[in-house]
Amino acid sequence: MEEKGGGMFFSGKAKQDPVVVVRDSREVLARLRRALESADPAERSGLERAVDIAEETATQADELVRRAWVRDILDVAGADVERDLETAVKSLRKAVPSLSLTAAYQMVKDVADHPA
């Protein structure tokens, strides 16, 4: 790290996540568990399955959630990340205009590097 002209400059390329993942899956899981505690027998089976799904989702790493989010957007747009990276980046930016080109590229490249 070096200081120039009063500002801080970092040497090397610091890779930062372009999007922060905000999840409420733990809150959903807690609510499902509370509902299960007071469920009647007819609801119990469905709520138990819902708790299982919520537990699986709540334990996923942010990177996996982010990749799934990008894949969903690309699927809806009909973009094939393996065939055409450039079109996939354009599709992601069209769906999420606030993403910078660099962020969209990093996210699409991450999906390409980790096929489902």
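This is a predicted model: local features need pLDDT of at least 70, side-chain atom pairs count only at pLDDT 80 or more; totals for chains, interfaces and linings use all residues.
Visitor: What elements make up the protein chain, and in which order do they run from the N terminus?

Guide: The protein chain has five helices and two strands, and from the N terminus the order is β-β-α-α-α-α-α.

Visitor: How do you know that the span of helix α1 agrees with its number of residues?

Guide: Helix α1 comprises the 13 residues 25–37, which at 1.5 Å a residue should span 18 Å. The C-alpha atoms at its ends are 18 Å apart, so the two values agree.

Visitor: Which residues of α1 are buried, and what puts them on the same side of the helix?

Guide: Ser 25, Leu 29, Leu 32 and Leu 36 are buried, a term that requires under 20% relative accessible area. They cover an arc of only 65° around the axis, and therefore lie on the same side of α1. Arg 31 and Glu 37, on the other side, are exposed.

Visitor: What covers the buried residues of α1?

Guide: The cover includes α2, residues 41–58.

Visitor: Why is α1 called roughly antiparallel to α2?

Guide: The two helices pack at an angle of about 160°, with their axes 9 Å apart. Angles over 145 degrees count as roughly antiparallel, so α1 is described in this way relative to α2. Residues making the contact include Leu 29, Leu 32 and Leu 36 of α1, and Leu 47, Val 51 and Ala 54 of α2.

Visitor: Which hand does the crossing of α1 and α2 have?

Guide: The crossing is left-handed.

Notes. Residues are numbered from 1 along each chain as its sequence is written. Side-chain values use heavy atoms; hydrogens and water are left out. Helices (H or I, at least four residues) and strands (E, at least two) are DSSP runs, numbered from the N terminus. The expected span of a helix is 1.5 Å times one less than its number of residues. Buried means under 20% relative accessible area, exposed over 50%, partly exposed in between (1.4 Å probe, protein chains only). The arc is that of the directions from the helix axis to the C-beta atoms. Contact means heavy atoms within 4.5 Å. Axes are lines fitted to C-alpha atoms, for helices over the stretch in contact, and angles run from 0 to 180 degrees between N-to-C directions. Angles under 35 degrees count as roughly parallel, over 145 as roughly antiparallel, 65 to 115 as roughly perpendicular and the rest as oblique. A crossing is left-handed if the near helix is turned anticlockwise from the far one by less than a right angle, and right-handed if clockwise.
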